[in-house]
Every structure is written in C-alpha cells, then in structure tokens.
Amino acid sequence: MATGRTHRPATRSRGIPEATVARLPLYLRALTALSERSVPTVSSEELAAAAGVNSAKLRKDFSYLGSYGTRGVGYDVEYLVYQISRELGLTQDWPVVIVGIGNLGAALANYGGFASRGFRVAALIDADPAMTGRQVAGIAVQHSDDLEKIISDNGVSIGVITTPPGVAQQVCDRLVAAGVTSILNFAPTVLSVPDGVDVRKVDLSIELQILAFHEQRKAGEEAEAAGPDGSGPVAAARQESAEQGPDGDVPAVMPA
C-alpha cells in the first residue's frame, strides 16, 4: 500500500479552489451514508441538502472534478465516492503522528473513523516520561526525544498537535524540520510555518464564542420584536395564538 510520502493529492495542480476543497469532505460524508444504504444514484438537490449547501454550488464544485451527472438520473454514488476520495488523497494510506497525549490527544487516538477515511495513527508522542510505554488505543506512547526518528521510520507527512500552547510552536518546528508538511493544530495558538507547509487550526473555544455571538443576536432580535413593554409583534402573535382554538380561528373557550 502506498504511503503519504510517495503520493500527494493533485488538487492544487488541477486548480480546484480552496473553498471547494473544504466542501469535498461534506459531500463525501453524505455520499458515504447513501452508499451504506445501497442508494445507487442521487440528484444534485438531494445531495446538496444532505451536505448543507445549495445545489448550484454543488454542481459548480463537481465541475472541477469533471463530474456533471446525468440529466434525469443524477450522480452515481459509488463513482462519486471514489472520485472525491481520490481527489482528497484518501485512496492511499496516510500515516499520522499525534503529539501531546493528554485527554484530547488520547481521545483522537481512540477515534475509530481515521482508518476508514485513509488515515493511520502511526505513533503517539508525549514529552512526559511517565507516559512513555503506556498503551493508548492499542499504541505504545513514545517519548518526544525520539520524534525525528519516529517521523523518518514511519514516513509521516501529517502531524497532529494537541500540546499546551506554550510548547506548540517548538513541536511544530521539530515536526517541520523532520519532514512533516501538513499539520492539524488543536493547541490554542497561531503557528508560524515556512512556505510549503499547510496548517489547519481547530479551536473549540473560538467555535463556541461564535455560537455565543449568534445566540446573543437571536436573543436581541426577539427582545426587539417583543418591544419594551412586551407588546411587540412577536408578543402579539403569541397572545393571538393563545386565544385561538385548535383550528386557529375559534376561541378555545366560548363565551357564556
């Protein structure tokens, strides 16, 4: 089986926009679910709804793959699964190292979805000597002193950083120097990398803050609609609904 060292995805050379690349995993997840239900074909509207995008954007995205579907039939599910998997580089084996085996690192190591999506956790690395040799997800944790050798021995090009923020940049530098060219960063800090190295940042606190913003805005809109004395259009609509019967036009309690 090929390793991540010998083959790289062709998305850049084929000019697929980054926004399209970011949506391909969404399509693949929806298509995989259809494939597991033995659904042979799917329309652009159905697939777009399942992936959470509009159908025009989906058709545009698929045009970059050279896949246009068949009028009146739709897209072949199995072929699209293969096509997108190939573009994402998931038809080969990508060895991954996880550096920082705390709660989050251990949780990622135990995640069962890596193998089915083309990724293999090749090594777990931690700086704590007490962690060395400990089994996590059936893999013995190795000490960070051996990081460079581990990267070389396993042909690793993808690293996952789940360390405290204070040491994340140092870990990143060592990974890059050892030959890692793609990094998934869970540490709450911005990493500096040279050209040719890709970094994807996952910050759960930022995502929660964004959700908090939307919740606050929705609450403000409801308060504004209700008015300062609770007699706004929303409150009036609720009052009207309360006074209506089950059919919406007859009072629930008739006057005597």
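This is a predicted model: local features need pLDDT of at least 70, side-chain atom pairs count only at pLDDT 80 or more; totals for chains, interfaces and linings use all residues.
Let's start with helix H2, residues 44–51, and helix H3, residues 55–65. Their axes come within 8 Å and cross at roughly 100°. That angle falls in the range of 65 to 115 degrees, and therefore H2 and H3 are roughly perpendicular to each other. On the H2 side, the contact is made by Ser44, Glu45, Leu47 and Ala48, while H3 brings Ser55, Leu58, Arg59 and Phe62.

Ser44, Leu47, Ala48 and Ala51 are buried. These residues lie on the same side of H2, because the arc they cover around the axis is only 100°. Turn to the other side of H2 and you will find Glu46, Ala49 and Ala50, which are exposed. What do the buried residues of H2 pack against? Their partners are helix H1 (18–36), strand S1 (41–42), H3, strand S2 (75–76) and helix H4 (77–87). Just after H2 comes Gly52, which takes a positive phi of about 80°.

The whole structure holds 3 aromatic pairs. One of them joins Phe62 and Tyr75: the ring centres are 5.1 Å apart and the planes stand at 85°, so this pair is edge-to-face. It links distant parts of the chain, since Phe62 sits in helix H3 and Tyr75 in strand S2, 13 residues apart. Both Phe62 and Tyr75 are buried. Together with Tyr27, Phe62 and Tyr75 form one aromatic cluster.

Another aromatic pair is made by Tyr111 and Phe114. How are these two rings arranged? The pair is edge-to-face, with 5.0 Å from centre to centre and 90° between the planes. Are these residues buried or partly exposed? Tyr111 has a relative accessibility of 42%, so it counts as partly exposed. Phe114, with a relative accessible area of 25%, is partly exposed as well. For comparison, look back at Phe62 and Tyr75, which are buried.

How values were computed
Residues are numbered from 1 along each chain as its sequence is written. Side-chain values use heavy atoms; hydrogens and water are left out. Axes are lines fitted to C-alpha atoms, for helices over the stretch in contact, and angles run from 0 to 180 degrees between N-to-C directions. Helices (H or I, at least four residues) and strands (E, at least two) are DSSP runs, numbered from the N terminus. Angles under 35 degrees count as roughly parallel, over 145 as roughly antiparallel, 65 to 115 as roughly perpendicular and the rest as oblique. Contact means heavy atoms within 4.5 Å. Buried means under 20% relative accessible area, exposed over 50%, partly exposed in between (1.4 Å probe, protein chains only). The arc is that of the directions from the helix axis to the C-beta atoms. Rings of Phe, Tyr and Trp (its six-membered ring) pair if their centres lie within 6.5 Å; planes under 30 degrees apart count as stacked, over 60 as edge-to-face and the rest as tilted.
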